[in-house]
Amino acid sequence: MADSFSLRNVLENFKSCLSDNKEVYVKYYISGWRELVSFMNSLGSVFSFISKDAVSKIQILENFLMGENGTHYLTVQSMVKYELDNELVDLTKRGSHPESGCRTLLRLHRALRWLQLFLESLRTSTEDSKTSVMCSEAYNASLAQHHPWIIRKAAGVAFCALPGRDAFFEVMNAGSHQEVITLLGEALPLISEVYQITEDLYAKNKLLDLP
Ligand code: 1PZ
């Protein structure tokens with residue numbers, strides 16, 4: 001999988017994510033994340049503690065989707081309704097539902113905000129911009145506030161191992177730098193829309209701080 005990664009696949013998945021009435025399909029949401037994980041794995045083993053966590057969250061959601069109540073997990077909207085209606089979510093502290101679809105997807109949702117910020121800064125970066133700096137700025141403005149000190153430290157160490165900007169554009173495997181930048185310009189509005197729809201849904205249902 002790692003050798004077939006292309007930024008284009010990520011874009012395709014996030015494009016397929018939205019239904020006609022703007023619901024978010026869980027299937028394509030997790031496929032998009034699987035692509036990103038295969039990309040991250042191609043960057044080296046320093047990132048494996050991050051990809052392990054992402055994979056386990058993708059797997060939890062996939063198990064729901066493939067399970068006997070799978071039809072309720074077709075979209076993020078139907079998942080939220082189903083889990084709330086049936087009291088399948090730990091709302092204030094972890095208890096009998098420590099791995100609900102809602103809390104699991106929230107972790108990926110927060111990471112999607114990091115991705116959005118990071119890709120935007122990559123898109124508008126210049127020759128001498130540093131990926132590690134862009135990455136940690138995006139992280140500090142998003143995910144970091146949800147992580148304890150020890151994870152923030154480990155993430156900081158991993159960021160230093162990121163390839164430089166040129167190499168980074170290469171591994172995205174989507175043509176020349178200019179083509180990658182163009183593709184990022186297409187992908188970002190899609191990612192932002194998926195992010196915003198999920199954010200509004202979670203806010204409306206008071207789910208943004210699920211333990
Ligand atoms: C290309 C560079 C990759 C940088 C990725 C930036 C994100 C750093 C995140 C580091 C956290 C990894 C360790 C696991 C943390 C978990 O404790 C948390 C909360 O979950 P809980 O403990 O509540 O069950 N997990 C997360 O926050 C989800 C993190 C997913 C990160 C996916 C990144 C994918 C990057 C794609 C690369 C293009």
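Is Tyr28 buried, exposed or partly exposed? In this predicted model, Tyr28 is partly exposed, because its relative accessible area is 28%. Its partner is Tyr25. The two rings form an edge-to-face aromatic pair, with 6.2 Å from centre to centre and 75 degrees between the planes. Tyr25 also counts as partly exposed, at 30% relative accessibility.

The structure holds nine aromatic pairs. The pair of Tyr25 and Tyr28 is edge-to-face. Phe64 and Tyr73 are arranged in another way: their planes meet at 5 degrees and their centres lie 4.7 Å apart, so this pair is stacked. Planes under 30 degrees apart count as stacked. Phe64 is partly exposed, with a relative accessible area of 27%. Tyr73, at 3%, counts as buried. Aromatic residues also gather in a cluster, formed by Phe5, Phe39, Trp114, Phe118 and Phe168. A charge meets a ring at Tyr195. There the charged end of Arg113 sits over the ring, 5.9 Å from its centre.

Charged side chains also meet each other. A search of the whole structure finds five salt bridges. One of them joins Glu193 and Lys22, at 2.9 Å from N to O. Glu193 belongs to helix 9 (residues 177–204), while Lys22 sits in the loop between helix 1 (7–16) and helix 2. The pair therefore ties together parts that are 171 residues apart in sequence. Both ends are partly exposed: Glu193 has a relative accessible area of 28%, and Lys22 has 42%.

Arg34 and Glu62 form another salt bridge, and their closest N and O atoms are 3.0 Å apart. Arg34 lies in helix 2 and Glu62 in helix 3, so this pair ties together parts that are 28 residues apart in sequence. Arg34 is partly exposed, with a relative accessible area of 25%. Glu62 is partly exposed too, at 21%.

A further salt bridge stays within one helix. The side chains of Lys81 and Asp85 meet at 2.5 Å, N to O. Both residues lie in helix 4 (residues 76–85). They are four residues apart, so about one helical turn separates them. Lys81 is exposed, because its relative accessible area is 52%.

Leu43 is buried, with a relative accessible area of 18%. Leu43 and Leu65 are 22 residues apart in sequence. In space, 29 Å separates their C-alpha atoms.

Cysteines were examined next. A search of the whole structure finds zero disulfides. A disulfide needs two cysteine sulfur atoms within 2.5 Å. Cys160 is in no disulfide either. Its nearest cysteine sulfur is that of Cys135, 9.7 Å away. Cys102 is buried, with a relative accessible area of 0%, whereas Cys160 is exposed, at 63%.

The surface also carries a nonpolar patch. Trp149, Ile150 and Ile151 make this patch, which covers about 340 Å². Ile150 lies in helix 7 (residues 149–160). At 57% relative accessibility, Ile150 counts as exposed.

How values were computed. Residues numbered from 1 in each chain as written. Predicted model: local features only at pLDDT ≥ 70, side-chain atom pairs only at ≥ 80, totals over all residues. Heavy atoms only, no water. Patch = residues over 30% accessible without salt bridge, like charges linked within 9 Å, V, L, I, M, F, W, Y side chains within 5 Å. Areas by Shrake-Rupley, 256 points an atom, 1.4 Å probe, with all protein chains shown as cover. Salt bridge = Lys/Arg side-chain N within 4 Å of Asp/Glu carboxyl O. Helix = DSSP H or I, 4+ residues; strand = E, 2+ residues; numbered from the N terminus. Buried < 20%, exposed > 50% of the residue type's maximum accessible area, 1.4 Å probe, protein only. Phe/Tyr/Trp six-rings, centres within 6.5 Å; stacked < 30°, edge-to-face > 60°. Lys NZ or Arg CZ within 6 Å of the ring centre and 35° of its normal.
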